[in-house]
Amino acid sequence: FPVRKAGEVVNLIQGEKPPCFILVLENIEDPHNLGALIRTALCSGVDYILIPKNRSALPSSTVSRSSAGAMEHADIFFITNTASLLRSLKENGVWVSGLDAGGDTSLFEADLTGNIALVIGGEHKGIRPLVKKECDFLVSIPNKGNINSLNASVAGGVAMYEALRQRI
């Protein structure tokens with residue numbers, strides 16, 4: 001699998017005309033969740049997928065199987081410092097939205113139509129505080145049940161498809 005650095009994405013988005021859609025996977029540890037998120041990203045119009053090099057599941061045969069082969073078609077880049085990368089994206093006209101159960105904006109009320117980076121937190125701790133601090137806004141998925149959060153890949157799928165719905 002080619003190792004591409006996330007900093008390349010900053011250069012790639014500068015020449016793009018349609019709004020870019022970037023998925024930042026913050027410490028997704030389960031390879032099955034990573035595969036599901038990659039597959040959903042390709043189906044929902046994500047342009048670039050950014051994954052931390054450390055403390056995260058990495059592309060593997062298990063991830064490929066979980067993605068039903070989508071991983072081989074995805075533009076995946078590796079992050080060394082997520083907070084720093086998000087600052088660079090923001091400096092280049094990208095709004096950073098973090099998906100967080102405690103977010104003060106409903107996912108369905110957030111504007112996801114422009115240049116957007118959607119940050120999905122890890123299964124156990126969500127988005128780390130330093131990364132959360134770099135988010136322009138935090139969105140939450142409305143919930144009517146007794147459990148306050150969804151599985152990372154399910155929540156990410158709901159959010160990516162809401163972004164797609166707004167963009168079409």
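Let's start with helix H1 (residues 7-14), whose buried residues are Val9, Val10 and Ile13. Seen down the axis of H1, these buried residues fall within an arc of 105 degrees, so they line one face of the helix. (The arc is that of the directions from the helix axis to the C-beta atoms.) On the other side of H1, Asn11 and Gln14 are exposed. Here buried means under 20% relative accessible area, exposed means over 50%, and partly exposed is in between, using a 1.4 Å probe and protein chains only. An α-helix has 3.6 residues a turn, so residues three or four places apart point the same way.

A quick note on what you're looking at: this is a predicted model, where local features need pLDDT of at least 70, side-chain atom pairs count only at pLDDT 80 or more, and totals for chains, interfaces and linings use all residues. Residues are numbered from 1 along each chain as its sequence is written, and side-chain values use heavy atoms, with hydrogens and water left out.

What do the buried residues of H1 pack against? They pack against E1, E2, E3 and H4. Contact means heavy atoms within 4.5 Å. Helices (H or I, at least four residues) and strands (E, at least two) are DSSP runs, numbered from the N terminus.

Now the sheet. Seven strands form an open sheet in the order E3-E2-E1-E6-E4-E7-E5, with parallel pairing. Strands E3 (76-79) and E5 (105-106) stand at the edges with a single partner strand each, so one side of each is left without a neighbour in the sheet. Two strands pair if DSSP finds at least two bridges between them. Here are some of the pairs:

| Strands | Bridges and sense |
|---|---|
| E1 and E6 | six bridges, parallel |
| E1 and E2 | three bridges, parallel |
| E2 and E3 | four bridges, parallel |

Take a closer look at E2. Five of its five residues are buried, so E2 is largely enclosed by the rest of the structure. Tyr48, Leu50 and Pro52 sit on one side, and Ile49 and Ile51 on the other. Leu50 is the bridge partner of Val24, and in E3 the bridge partner of Leu50 is Phe77.

Finally, find Ser140 in strand E7 (residues 137-140). Is Ser140 buried or exposed? At 13% relative accessibility, Ser140 counts as buried. Its side chain reaches the backbone oxygen of Gly103 at 3.1 Å. Leaving aside neighbours within four places in sequence, Ser140 is in contact with residues including Asp100, Thr105 and Leu107.

How values were computed:
A polar contact is a pair of N or O atoms within 3.5 Å; within protein, one must be able to donate a hydrogen and the other to accept it, and residues adjacent in sequence count only if both atoms are side-chain atoms.
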